[in-house]
Structure formats: structure tokens, C-alpha cells
Amino acid sequence: MRHGSVTAGFTTDARAAARSGALMALASMFCVQLGVVAAFSVFDRIGPDGAAWLRLSWAGLIFLVLVRPRPLQLPRRDLVACLALGVVTAFITILFMFAVERIPVGTASALEFLGPLGVAVLRGRGRGRAVLPLLAMVGVLLLTEPWRSTVDPVGVAYALGAAACWALYILLTQRVGDAVSGLQGLAISMPVAAIVATAVLGGSVIPDLTWQHALIGLGLAVLLPVVPFALEMLALRRMTTASFGTLMALEPAMALVLGLVILSQQPGVLPVIGILFVVAAGIGAERTGARDTPASPPPTDSDPGYVVP
């Protein structure tokens, strides 16, 4: 009887954790899409490569100052995971920015979503393993209607590269979040992402940089990636990677709503139907998103810096 009550208590706690993780993921998606809408002003002035570099550079600096990482105190394999997360984070941003320069944002978003969708299919379990990602995929296609535009193959390649990076990002974020306390993992990975972005984009962006552009970039960095990536790391401590990947299907729906409210973009019938599909998939992900066992508490020390529990 005692064993049954303990099991029931764990199940309740796991579901509550999954629910809070889903709310964090939703807040993250809102920040991401708000950041995308805000980025159009920067696109006009310094281009997508400038927007990507400013976001990653400011994010790396913010995490360094606020969190005060101590990479040498980590076990080697955890440090390698943080470094890998930084490289992947840089290329998600860079490849997606290059993609939207060549193909419509909706098409790029639909292609990029194949990354988390693949994680949902490969890492899922139970009856919803195939059903929820399928619902999400149909919803994303209806939302973005990629068949309406002539697609640039180079842009498609960039978007697919971003999709592969997004899949790796989900897996690495959960790995780092489970192993490293607070936001220490992000405080290591984001400066690495900034270094990678500087190596790839710095030569073409820095010569034309102004203080006005830099300040705009600071605001963009807070919206994306500082707040969203922190929320995603905390969410993945509470959810399975499969459910998190499926829940990401709500992001295109959120983009459509923000486009309607902020940019006055009127959706058609198919996108509205698509919203219903992705909302259904998102609800299913929230209900089935509990992890089998709680993540092991990462090691802490006497001076954790700025750490979010």
C-alpha cells in the first residue's frame, strides 16, 4: 500500500513537472517569435548575418557577466557537451538567417521543424509516438503552405541544416541541463556560439557596425536567445525530448497569431485549420511529456553565481 502511494506521488510530481516544463517551452516560443518580428528592423539595416552575429555576441556576453561560468570545474565529458551545444547553437541561428534570406520565412520554419519532429518520432514512446508528430507535421504544412512559392534549393539546404542543428540542440540541451547546475551550461555554450559566429560572420559585419545597431542587437539578444534558451534548458529538465520536440509545433501557430496582431497579416482558411492540428499535438505533448525518472541533481558548489533552480 505504501509502495502504491509513493508511485502515485511520483507520477503526480512528474506530471506537474511536465506541465511546468510545457509552460516554460510556451514562454520560450513566444519570446522567439516576438524576437523574429522585432528583427525585421535590423534586417533592413545590417542584414540577417548582422542580426545573427549581434544576437549571439550579446547573449554570450550577458551569460558571462550574469552567471560567471567555471568551465574548468566541470568533468571533461560535460565540458565537451557544453562546447558542442555552443557550436550547434551558433549554426542554428546562422543557417536559419541564411535560409530566410533566400526562401519565405514560413517555408524555412516548416523545413526547420523537421528537426524537432525527428526527435519526437525517434525518441517517442507509447501510442502517441507517431500520431502526435504526424498531427504536428500536418498542422505545420497547413500553416506555412510551402507549396505556394518557388523554393530556392540553396535556401532549402540552409533550412535543412538548421533542422539538423535544432535536433542536436534539443538532445544536447537536455544532456547539459541534467549534468550542469543552474544556467552554467548556457554560460559556457553561449560564449562559444559567439566565438563561432564571429569566426563565420564577424569579418562582414563588424566593419559596418554602429552603436545604434549594437543597442538594437542587445534588445534582440534578450528576446532571442537569452530568455528562450534559458527557459528551454529548464523545460528539458522536466520533459522528454520527444514531447518537447512535438510541443515545438506550436511555434508556427504562435508566429501566425503574432503576425496577425502585430503585423496585420491575415491568415487564410488552411492556416487556421493548421493551428487546430498543432494545438492538438501540443496538448498531447504536454499530457505525455513527463520523464520516467527525474533528472539527477547536478553538482553544486558554495558559490553558484546566478543560478536558476
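At 0% relative accessibility, S28 counts as buried in this predicted model. The residue belongs to helix α1, which covers residues 2–38.

**Surroundings of S28**
- When neighbours within four places in sequence are set aside, S28 is in contact with P228, L231 and E232.
- S28 falls under the 20% limit for a buried residue, because its relative accessibility is 0%.

**Salt bridge R175–D78**
- Side chains of opposite charge can pair when their charged atoms come close.
- R175 and D78 form a salt bridge in which the closest N and O atoms are 2.9 Å apart.
- R175 is part of helix α7 (residues 153–179) and D78 is part of helix α3 (residues 76–102), so this pair ties together parts that lie 97 residues apart in sequence.
- R175 is partly exposed, with a relative accessibility of 30%.
- D78, by contrast, is buried, with a relative accessibility of 9%.

**Salt bridge D152–R102**
- Between D152 and R102, the closest N and O atoms of the salt bridge are 3.2 Å apart.
- D152 sits in the loop between α6 (128–144) and α7, while R102 lies in helix α3; the pair therefore ties together parts that are 50 residues apart in sequence.
- D152 has a relative accessible area of 22% and is partly exposed.
- R102 is also partly exposed, its relative accessible area being 43%.

Notes
Residues are numbered from 1 along each chain as its sequence is written. This is a predicted model: local features need pLDDT of at least 70, side-chain atom pairs count only at pLDDT 80 or more; totals for chains, interfaces and linings use all residues. Side-chain values use heavy atoms; hydrogens and water are left out. A salt bridge is a side-chain nitrogen of Lys or Arg within 4 Å of a carboxyl oxygen of Asp or Glu. Helices (H or I, at least four residues) and strands (E, at least two) are DSSP runs, numbered from the N terminus. Buried means under 20% relative accessible area, exposed over 50%, partly exposed in between (1.4 Å probe, protein chains only). Contact means heavy atoms within 4.5 Å.
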